[in-house]
Amino acid sequence: MHEYQIHPYTPEYLEDVTAIEKASFSCPWSADSFRQAGDMENSIFLVAAAEKTVVGFGCILLAAGEGELVDIAVLPAYRKKGLGQMLMTALLTQAREQGTENLYLEVRQSNTPARNLYEKNGFTAIGIRKKYYREPVEDAVLMCCRLAEETE
């Protein structure tokens, strides 16, 4: 049984994150895209590690009180072990701490496991982006999570 930890992304994790991305998506981000996200001051970029092995990651980009969950993935062999939830909890906590009011994301319409994770964490579907994804072409569900506390 592994014990998992969440750490901030650092450049030493680039190769692992890129490998996880390639194992998870048909149109993966490039290493350069991850390098840029890691260099941005307005990002929350976390990795999940089992001992010294990076097995998952998540990245949110922030601007003007809004955020976008641009990427989250776990190596196939480590899925269904609660890592996606651990990453999501850490990402949402940090986004709230940084004053993010609303967090958005797009997800493949057919990606039921991801959609279930997002809904469990307070995201609701607010629209469809037609033919958003390629390889294969598919619509995206646009989802939003309100992070700011309601004030009356």
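1. Helices (H or I, at least four residues) and strands (E, at least two) are DSSP runs numbered from the N terminus. This is a predicted model, in which local features need pLDDT of at least 70, side-chain atom pairs count only at pLDDT 80 or more, and totals for chains, interfaces and linings use all residues. Residues are numbered from 1 along each chain as its sequence is written, and side-chain values use heavy atoms, with hydrogens and water left out.

2. At the start of helix 4, the backbone nitrogen of Ala114 has a side-chain oxygen of Asn111 within 3.2 Å.

3. Ala114, Leu117 and Tyr118 are the buried residues of helix 4 (under 20% relative accessible area, 1.4 Å probe, protein chains only). Seen down the axis of helix 4, these residues fall within an arc of 95° and so line one face; the arc is that of the directions from the helix axis to the C-beta atoms. Pro113 and Lys120, on the other side, are exposed (over 50%).

4. The buried residues of helix 4 pack against strand 4, helix 3, strand 5 and strand 7, contact meaning heavy atoms within 4.5 Å.

5. Seven strands form an open sheet of mixed pairing, in the order 1-2-3-4-5-7-6; two strands pair if DSSP finds at least two bridges between them. Strand 1 (4–8) and strand 6 (124–133) are the edge strands. Strand 6 runs antiparallel to strand 7 (residues 138–146), joined by six bridges, and Thr124 has Cys144 as its bridge partner in strand 7.

Technical notes:
Polar contact = N/O pair within 3.5 Å; in protein donor to acceptor, adjacent residues only side chain to side chain.
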